[in-house]
Amino acid sequence: MTEINTSPAKGIVVRGRWLRNLLTYLMVFGPGLIVMEADNDAGAVSTYVQAGAQYGTTLLWLMLLLLPITYFVQEMVARLGIATGQGHAAMIFKRFGRWWGIFSLFDLLLVNFLTLVTEFAGISLAFSAMGVSPYESVPIAAGLLIAMVMTGSYCRWEWFTICLCLLDLIWFGLAWATQTNTGQVIRDTVIPQVPPGGVTPDLVFLVIGIVGTTIAPWQLFFQQSCVADKKLRFSDLKWARLDTFIGACFTVLVGGAMMLVGNLGFQHHINFTDPAQLAGALVPFLGQGGRIAILLLMCNAAILGATAISLASAWAWSEVMGWPHSLRRSVRQSPGFYAVYALCVCAAAGLVLIPNAPLQTIIIGVQVLAGVILPSAIIFLQLLLNDRELLGDEFVNKPWNNVINWTVIVVLFILSLILAAQVLAPELFPKTSS
Amino acid sequence: MAQLRNGDNAHLFKVVHPLDDVERDQKKSPENLGRIRMTPSVRISLAILRGYLLIMIVLVIYRVFDLAGAFGHH
């Protein structure tokens, strides 16, 4: 057996193209699924369940609409990561200069930290509903989050995180248990409609919340750094695209399943302020098992979100500082990278444990800052993907890419501005019905 | 990802994990390129971004003054 493309690397010999393609895909698979599913974090659970509880299944079409949008944005990130082998923060610094670099980095770190606080608030809430004190659940969750990245192996972290992502399959079981009419679900998914009651400020801001929850700034930074850390090759691009597409489909389906669980509250006119309360109220319909499942899935969502967000911060900071920044390195080899990660986790966990912490202000801060950073991060991404000098003809955006992406950017700018204006100057808007 | 070609092994393929692959791509590096070229689209995009950030800052300042009771709503 003679190798033409001589490679002393480890590898697996398989017979046939089909098996080769399958195995290559499985080896490349990971970053796309993780970035998408980690976006179904504690805040997303709350938003999707609330959407179902307020409007039933009438907003399911929005999830279908968000599928191509989230895919196209993340595909650009994967392409840029594979082409350059570098993270997003480093790329902004190098191509747009120090001012934009520092602006993007600090904005990202701040919004990530505040989002991280909401993840721990979700963990605290869910475990409190199960009778576990936040002073036990939050430190344990923080310890788990730190332990899962510090193994010195990218693959160990990736497989553990993929397992957490796959736990979200349980949402489909819960959605099935709600016994929602299948025909109604399909109809409301494929036919866009305005819910009964018309376009109200409540509806507009919920729609913006759903869009903001599905496309988050940290995702751009996370996936590019993750792809670079995994050392994906040019030839892996098509498999990275498939990974991203499957991740997008999975996350949208899980989001839809969360809406169906919320819809059960809508059907039975259950009032609630958070998903943990709803889980308790749904016991007559889903049983105690359903209640525990929803609470544990809330924790799982928060853990997934927290690891991805903290890693996005640690990668971005370390790239800009020029520190070693890889999950393949041990703590001793990348002390700064792991220190940033651990600092983010510990500070956010500590803040949640402070009695009467201003969580409401933090949630508002997340909305406003996300409104600032998402459009700017996407603008930089779009400009980088049109940087022919950097990427050459092979990786640069095609004209049809640009038409879609500029449309997405304009819509995101408008939605972000409306959300920020509503949060910062609510009196400029008509009073809500509630 | 490498292909093995020789006689009976015509359909054998060696699949290598990206982290184990010693054949590295020549990545597109920005190191020697400096700043991005200021084409009209780059200039317009950054101008729009600055305008957008300015609006956001005005909104934040408005909120701060509003909370301080400067507009007499409270």
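What share of the 434 residues in chain A is buried? In this predicted model, buried residues account for 52% of chain A. For chain B, with its 74 residues, the corresponding figure is 14%.

Chain A is built from 18 helices and one strand. Its C-alpha atoms occupy a box of roughly 70 × 50 × 45 Å along the principal axes. The radius of gyration of chain A is 21 Å, and this agrees with the value near 22 Å that a compact globule of 434 residues would have. Contacts in chain A also reach well along the sequence: of those between residues at least 6 apart, 84% join residues at least 24 apart. Chain B has one helix and two strands, and these follow the order β-β-α from the N terminus.

In soluble globular proteins, nonpolar side chains tend to be buried together. Here, the largest nonpolar core holds 142 residues, and A:Phe120, A:Met298 and A:Ala308 are those with the most contacts inside it. The greatest contribution to this core comes from helix H14 of chain A (residues 283-321), which supplies 21 residues.

H11(A) is mostly covered, with 13 of its 13 residues buried. Just after H11(A) comes A:Lys231, whose phi is positive at about 60°.

What of a residue elsewhere in chain A? A:Trp100 sits in helix H5 of chain A, which runs over residues 88-129. Is A:Trp100 buried, exposed or partly exposed? A:Trp100 has 18 other C-beta atoms within 10 Å and is therefore partly exposed, since a buried residue needs 20 or more and an exposed one has 12 or fewer. Along the chain, A:Trp100 and A:Thr47 are 53 residues apart, and 31 Å separates their C-alpha atoms.

Note on methods: Residues are numbered from 1 along each chain as its sequence is written. Chains are lettered from A and ligands numbered from 1 in the order in which they are written. This is a predicted model: local features need pLDDT of at least 70, side-chain atom pairs count only at pLDDT 80 or more; totals for chains, interfaces and linings use all residues. Helices (H or I, at least four residues) and strands (E, at least two) are DSSP runs, numbered from the N terminus. The radius of gyration is taken over C-alpha atoms; the globule rule is 2.2 Å times the number of residues to the power 0.38. Two residues are in contact if their C-beta atoms, placed from the backbone, lie within 7 Å. A nonpolar core is a set of buried Ala, Val, Leu, Ile, Met, Phe, Trp, Tyr and Cys residues joined through C-beta atoms within 7 Å.
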